[in-house]
Amino acid sequence: MIIGEYKVSNLITYLGLFLSLTSIGWILHGQLDLAMMAFILSGICDLFDGRFANSFQRTEAEKAFGLELDSLCDVINFAALPAVLIIKTIHFQWLSWPLTLIFCFSAITRLAYFNRNAKSEDGRDPYFTGVPVTYSALAFPVFYVLCQLLNPTVFSIGLPLLAILMAFLFVWNIRIPKPNKAAYIGFILAAILTISILVSFLLW
């Protein structure tokens, strides 16, 4: 016997992890177009894994396991993955260590803060405190695509600024509305557009 809750309800969470690890592999092999596609798709998985899981009948133990699983996967998806991206592509290599340290510190802090509040609240608060780490799954790929369209060399130079900005937004004590149905649709449309452009890069 092995430990764990291998339920269909956790399928999308595990899929997001698979996509993030695939993205890391492509980053390490210099396939940034493919890496950014997988990064966006992992973000989409994170957006919908909770809704998907809640569509199943689950015990309290299964719900608790799913919550912990989601958070641990977020560490890889939205902290480790961007860290590898920074280390491998940043123009100023001397900045890679302090920058990844700051980014990961902020991302982990944001996740810990969210988890603590999620366990102590009833979940009906319509606001987040700080920007969710999931948003990096759109910010980094969109920035990459814009740089490829305008001037590819800007990506490695501008990446430190984006990383610092995202790190600050993660821990900024500001209340922002949780995404509603329109926001989910907007995210999906932005993801589809970005992936379509990335596919065009590969084809042409």
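1. Helix α5 (residues 136–150) and helix α6 (residues 153–171) cross at roughly 160°, their axes coming within 11 Å. That makes α5 roughly antiparallel to α6; angles under 35 degrees count as roughly parallel, over 145 as roughly antiparallel, 65 to 115 as roughly perpendicular and the rest as oblique. Axes are lines fitted to C-alpha atoms, for helices over the stretch in contact, with angles from 0 to 180 degrees between N-to-C directions. Helices are DSSP runs (H or I, at least four residues), numbered from the N terminus.

2. This is a predicted model: local features need pLDDT of at least 70, side-chain atom pairs count only at pLDDT 80 or more, and totals for chains, interfaces and linings use all residues. Residues are numbered from 1 along each chain as its sequence is written, and side-chain values use heavy atoms, with hydrogens and water left out.

3. α5 and α6 cross in a right-handed sense. A crossing is right-handed if the near helix is turned clockwise from the far one by less than a right angle, and left-handed if anticlockwise. From α5, the contact (heavy atoms within 4.5 Å) takes in Ser136, Ala139, Phe140, Phe143, Tyr144 and Cys147. From α6 come Val154, Phe155, Gly158, Leu159, Leu162, Ala163, Met166 and Phe170. By class there are 12 nonpolar, 2 polar and no charged residues. Here Ala, Val, Leu, Ile, Met, Phe, Trp, Tyr, Cys and Pro count as nonpolar, Asp, Glu, Lys and Arg as charged, and the others, Gly among them, as polar.

4. α5 also packs on helix α3 (residues 60–89), at an angle of about 20° and with the axes 11 Å apart. That makes α3 roughly parallel to α5. This crossing is left-handed. Phe78, Pro82 and Leu85 of α3 meet Ser136, Ala137 and Phe140 of α5. The contact has 5 nonpolar, 1 polar and no charged residues.

5. The axes of helix α2 (residues 32–54) and helix α7 (residues 181–203) come within 9 Å and cross at roughly 160°. That makes α2 roughly antiparallel to α7. The crossing is left-handed. Among the contact residues are Ile40, Ile44 and Phe48 of α2, and Phe187, Ala191 and Leu198 of α7. The classes are 17 nonpolar, 1 polar and 2 charged.

6. α2 bends by about 40° at Phe48, the bend being the angle between axes fitted to the seven residues ending there and the seven starting there. Phe48 is also one of the α2 residues in contact with α7.

Terms used: Helix = DSSP H or I, 4+ residues; strand = E, 2+ residues; numbered from the N terminus.
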